Amino acid sequence: MTKGDGPQRVGDVLGGFLEGKGLREAVRRAEIVDEWEERVGEAIARVTRAQGVRETALIVEVKSSAWLMELDLMKGEILKRVNEGRDDALIEKIVFVLAEG
């Protein structure tokens, strides 16, 4: 910081740091986990849980094999919902996994 510069917002500093490290897109993709229920709706959210993001793939846990097969058929539509309104840091695929136990 040079003399005469005022304080900077933490979010601005952190955003610049993440951008510099190439992590900004990874952080933006990870936001999808918190937005999962809102983006897919209550019915799908009741039988699923977004676990996380690996590179550009969203990993989603599904409660039963029947739902896993059903959601696999709907994968294209769900992917559109997940990426709706996002200009960058897009999710390129969804991987459904059967919940343990």
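The buried residues of helix α2 are R29, I32, W36 and V40, where buried denotes a relative accessible area under 20%, exposed one over 50%, and partly exposed anything in between (1.4 Å probe, protein chains only). The cover over these residues includes α3 (42-46), β1 (48-54), β2 (57-62) and α5 (75-83). Helices (H or I, at least four residues) and strands (E, at least two) are DSSP runs, numbered from the N terminus.

The structure is a predicted model, in which local features need pLDDT of at least 70 and side-chain atom pairs count only at pLDDT 80 or more, while totals for chains, interfaces and linings use all residues. Residues are numbered from 1 along each chain as its sequence is written, and side-chain values use heavy atoms, with hydrogens and water left out.

**Helix α2 and the overall fold**

Helix α2 spans residues 24-40, 17 residues in total, and reaches 24 Å from its first C-alpha to its last, close to the 24 Å expected at 1.5 Å a residue; the expected span is 1.5 Å times one less than the number of residues. At D34, α2 bends by about 65°, the bend being the angle between axes fitted to the seven residues ending there and the seven starting there. G41 follows α2 and has a positive phi, near 95°.

The chain contains five helices and three strands, arranged along the sequence as α-α-α-β-β-α-α-β. Of its 101 residues, 25% are buried. Among contacts (heavy atoms within 4.5 Å) with a separation of 6 or more, 58% join residues 24 or more positions apart.

**The nonpolar core**

A nonpolar core is a set of buried Ala, Val, Leu, Ile, Met, Phe, Trp, Tyr and Cys residues joined through side-chain atoms within 4.5 Å. The largest such core has 15 residues, of which W36, L58, I78, V82, I94 and F96 touch the most other members. At least two residues of this core come from each of α2, α3, β2, α5 and β3 (93-98). Apart from neighbours within four places in sequence, F96 is in contact with V60, V62, L68, L71, D72, K75 and I78.

N83 is buried, at 15% relative accessible area, and touches R39, L90 and I91 when residues up to four places away in sequence are not counted.

**Salt bridges**

The structure holds eight salt bridges, each defined as a side-chain nitrogen of Lys or Arg within 4 Å of a carboxyl oxygen of Asp or Glu. Three of these pairs are listed below.

| Pair | Closest N and O atoms |
|---|---|
| E31 and R28 | 3.0 Å |
| E35 and R86 | 3.9 Å |

E35 is partly exposed, at 21% relative accessible area, whereas R86 is buried, at 8%.

E31 and R28 are three residues apart in helix α2, and therefore separated by about one helical turn. E31 is partly exposed, at 30% relative accessibility. A network of salt bridges links R28, E31 and D88.

E42 and R46 both lie in helix α3, four residues apart, about one turn of the helix. E42 is exposed, with a relative accessible area of 56%, and R46 is likewise exposed, at 52%.
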